[in-house]
Amino acid sequence: MKYLIAGGFALLVASSSATAGTLSIDMGSVWWKVAYNSHNAYHVQGTGQGTAVLWVLENDLGLGAYSEGGKFVYNGGTSYNFDVRAIEVTKGIVKNVSVGMNLGDYYSNWGGEDGMFTDLFGTVVILGGSGDKVTGQLKTNVGTRFVVDDATYNMSGYLLSLSLGLLF
């Protein structure tokens, strides 16, 4: 995973030397509901805090890193911690609307499971404002999350997030 993030940052630096761009830092809350789990059909839902650091190029292509940490609850009782580290790629499709993908590593303390993680999402800027050098945005993401850990538990489901972003 370290090499995946290092490769993403190398691509980011190489692309930024070719064209000017904007640094975007987003922080917010994520709600995640597992649609179905291959280990019986129990109910799992989670909440977390996510952070994305992106270099947004002039053609509305964003490249960067995403991390998330939080807890998920098993059958409304026991809770477990999880952690996500990923490379994020976004592409603007119309003004204030973009689509994106997070691709990386997922870890939970539910048996120390580690696995592959992918988010596919759409982003809408709900509210935005700009000053002389900084732009602020309130955004929401809606998408689907694919997670399969080492024990082959399918933790895939749906996600919704609300974040505040600063663009420099």
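**Entry 1: arginine 145 and its partners**

I started with arginine 145, whose side chain meets that of glutamate 68 in a salt bridge with an N to O distance of 2.7 Å. For a salt bridge I required a side-chain nitrogen of Lys or Arg within 4 Å of a carboxyl oxygen of Asp or Glu. The pair links distant parts of the chain, with arginine 145 in strand E7 and glutamate 68 in strand E3 (residues 61-74), 77 residues apart. Helices (H or I, at least four residues) and strands (E, at least two) are DSSP runs, numbered from the N terminus.

A note on what I am looking at: this is a predicted model, in which local features need pLDDT of at least 70 and side-chain atom pairs count only at pLDDT 80 or more, while totals for chains, interfaces and linings use all residues. Residues are numbered from 1 along each chain as its sequence is written, and side-chain values use heavy atoms, with hydrogens and water left out.

Are the two partners buried or exposed? Arginine 145 is buried, at a relative accessible area of 1%, and glutamate 68 is buried at 2%. My cut-offs were under 20% relative accessible area for buried, over 50% for exposed, and partly exposed in between (1.4 Å probe, protein chains only).

Next I asked which aspartate forms a salt bridge with arginine 145. I found aspartate 119, with the closest N and O atoms 2.9 Å apart. Arginine 145 lies in strand E7 and aspartate 119 in strand E6, so this pair ties together parts that are 26 residues apart in sequence. Both arginine 145 and aspartate 119 are buried.

**Entry 2: another bridge**

My search of the whole structure gave five salt bridges. One of them joins aspartate 105 to arginine 85, the closest N and O atoms being 2.4 Å apart. Here too distant parts of the chain are linked, as aspartate 105 is in strand E5 and arginine 85 in strand E4, 20 residues apart. Aspartate 105 counts as buried at 12% relative accessibility, whereas arginine 85, at 28%, counts as partly exposed.

**Entry 3: the overall layout**

I stepped back to the whole chain and found one helix and eight strands. Along the sequence the pattern reads α-β-β-β-β-β-β-β-β. Of the 168 residues in the chain, 40% are buried.

**Entry 4: the largest pocket**

How much space lies in the largest pocket? I noted about 760 Å³. The search ran on a 1 Å grid over the protein atoms alone, and a pocket is an open set of points where a 1.4 Å probe fits, with protein on both sides within 12 Å along at least five of seven lines. Points are joined across faces, edges and corners, and the volume is the space filled by probe spheres set on them.

The lining has 44 residues, and those nearest the pocket's centre are Ser98, Thr123, Val125, Gln137 and Lys139. A lining residue has an atom within 4 Å of a point. I counted at least two lining residues each from E1, E2 (44-57), E4 (78-94), E5 (97-108), E6, E7 (135-149) and E8. E1 gives the largest share, eight residues. By class, the lining has 14 nonpolar, 21 polar and nine charged residues.

Tryptophan 31 is in strand E1 (residues 21-34) and is partly exposed, at 41%.

Aspartate 60 has a phi near 65° and lies in the loop between E2 and E3, where it is partly exposed at 43% relative accessible area. Asparagine 96 also has a positive phi, of about 65°. Asparagine 96 sits in the loop between E4 and E5 and counts as partly exposed at 39%.

Last, I checked leucine 159 in strand E8, which is buried at 6% relative accessible area. Leucine 159 and threonine 47 are 112 residues apart in sequence, and their C-alpha atoms are 9.5 Å apart in space.

Technical notes. Ala, Val, Leu, Ile, Met, Phe, Trp, Tyr, Cys and Pro count as nonpolar, Asp, Glu, Lys and Arg as charged, and the others, Gly among them, as polar.
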